[in-house]
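Q: Can we walk through this chain together? I'd like to start with the core and then move on to charges.

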Amino acid sequence: MLRRAGAWRVLRGAFGSQVPSVSRALIAHSSGGRGDAEPRPLPLSYKLLDGEATLPAVVFLHGLFGSKTNFSSIAKAVAGQTGRRVLTVDARNHGDSPHSPDVSYEAMSQDLQDLLPQLGLVPSILIGHSMGGKTAMLMALQRPDLVERLIAVDISPAPTTSVSDFKAYMTAMKAITIPQKVPRSHGRKLADEQLRPIVQDTAVRQFLLTNLVEVDGHFSWRVNLDALAQHLDQIMAFPPQQQSYPGPALFLLGGNSQFVQCRWCLMQATGFTPTARRTSWLPSGASWPKMETPGFTSTRLGPASTYDSGKALSMYEGAEAGGCQL
């Protein structure tokens, strides 16, 4: 579920100017408990790029520790290339959205079921990475009328607890101490040094540090570490469901993915979505679909094209090749 901020950049080139319509819901950092029969939706922070209102909008949902800014580049590219409205959203307990002790997928799905109709974006195309992919899957199962099609990236409904280092990451993040009134760059350096013994991967560490914020000289984490740590097993699982999603669906998986390690996992996913296109694991040494090896030529994910070193994989082309035309 973890992903580096900004790593989802797509094909380089001019897609034309796109003037975004930016909106943020009121941020009330209050709890949204689950005393009612249904989870109480929270006002999520979002960014909406304008596009053709007659076409289904594209909605990007980030993974654990992520935020809407992770998809800024690809959102602009998809909006420019397809002419569609594109929405990026901060999940509850992430980014600029409110915090809540309820971290269930039912609650995250309910947040979207509340937001998307308000914005006039239903039915929409849901593209969810990892935790966001599970949220998208559940919403498609609960409210298929709101989902025009589904794209799940590097995730399936199968439990992923056994491959998770997230608990250790959160423990390390909570243990960080930074003196007040130090410069922001110095505070970030101190946090990086304290994380390094536990989070040894530099890219992962830098991604976690995107959640470190400074206000009036005081450093804190914008993610709700207490709630996420307490309910991590719930996040790594998937709610039991009897429904199926009848619409088009595509599953994109990393070649060395830790989160979808077996064909059975994808079979389970396509049991929930009988019309899903079962895609092959991406070739090369990529652990996450957002990354690729230098000079990798994509022949399975769209028109053959060679990307230079450091370029990100085009999810737009992958969706087209999987029979999930945007």
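Q: How many residues are in the largest nonpolar core, and which have the most contacts inside it?
A: The largest nonpolar core has 61 residues. F65, L87 and W221 have the most contacts inside it. A nonpolar core here is a set of buried Ala, Val, Leu, Ile, Met, Phe, Trp, Tyr and Cys residues joined through side-chain atoms within 4.5 Å. Buried means under 20% relative accessible area, exposed means over 50%, and partly exposed is in between (1.4 Å probe, protein chains only).

Q: Which element gives this core its largest share?
A: Helix 3, with seven residues.

Q: What else is there apart from that core?
A: Another core, of 15 residues. Among them are A79, V86, I125 and I151.

Q: Before we go on, what kind of model is this?
A: It is a predicted model: local features need pLDDT of at least 70, side-chain atom pairs count only at pLDDT 80 or more, and totals for chains, interfaces and linings use all residues. Residues are numbered from 1 along each chain as its sequence is written, and side-chain values use heavy atoms, with hydrogens and water left out.

Q: Back to W221. What is it in contact with, leaving aside neighbours within four places in sequence?
A: W221 is in contact with M173, I176, L195, L208, L209, N211 and L212. Contact means heavy atoms within 4.5 Å.

Q: How many helices and strands does the chain have?
A: There are 10 helices and 12 strands. Those are DSSP runs, numbered from the N terminus: helices are H or I with at least four residues, strands are E with at least two.

Q: Tell me about helix 3. Why call it largely enclosed?
A: Because 11 of its 12 residues are buried, helix 3 is largely enclosed by the rest of the structure. The buried ones are M131, G132, G133, K134, T135, A136, M137, L138, M139, A140 and L141.

Q: What span should helix 3 have, and how far apart are its end C-alpha atoms?
A: The 12 residues, 131-142, should span 16 Å at 1.5 Å a residue. The end C-alpha atoms are 17 Å apart, which agrees. The expected span is 1.5 Å times one less than the number of residues.

Q: And helix 1, which residues are buried there?
A: In helix 1 (residues 72-82), I74, A75, A77, V78, A79 and T82 are buried. Just after helix 1, G83 takes a positive phi of about 75°.

Q: Now charges. How many salt bridges does a search of the whole structure find?
A: Nine. A salt bridge is a side-chain nitrogen of Lys or Arg within 4 Å of a carboxyl oxygen of Asp or Glu.

Q: What about D111 and R92: buried or exposed?
A: Both D111 and R92 are buried. Their side chains meet in a salt bridge at 2.7 Å, N to O. D111 is in helix 2 (residues 105-118), while R92 is in the loop between strand 4 (86-89) and helix 2, 19 residues apart.

Q: Which partner does D226 have?
A: D226 forms a salt bridge with K174, the closest N and O atoms being 3.3 Å apart. D226 lies in helix 7 (residues 225-230) and K174 in helix 4 (residues 166-174), so the pair ties together parts that are 52 residues apart in sequence. D226 counts as exposed at 53% relative accessibility, and K174 as partly exposed at 45%.

Q: And what does D145 pair with?
A: D145 forms a salt bridge with R143, with closest N and O atoms 2.7 Å apart. D145 is partly exposed at 47%, and R143 is partly exposed at 31%.

Q: Which residues are linked in a network of salt bridges?
A: K68, D90 and D96.

Q: Where does D90 lie?
A: In the loop between strand 4 and helix 2. D90 counts as buried, at 1% relative accessibility. Its side chain reaches the backbone nitrogen of D96 at 2.8 Å. Leaving aside neighbours within four places in sequence, D90 is in contact with L44, S45, H62, S67, K68, G95, D96 and S97.

Q: Last one, T177: buried or exposed?
A: Exposed, with a relative accessible area of 56%. T177 is found in the loop between helix 4 and helix 5 (184-195).

Note on methods
Polar contact = N/O pair within 3.5 Å; in protein donor to acceptor, adjacent residues only side chain to side chain.
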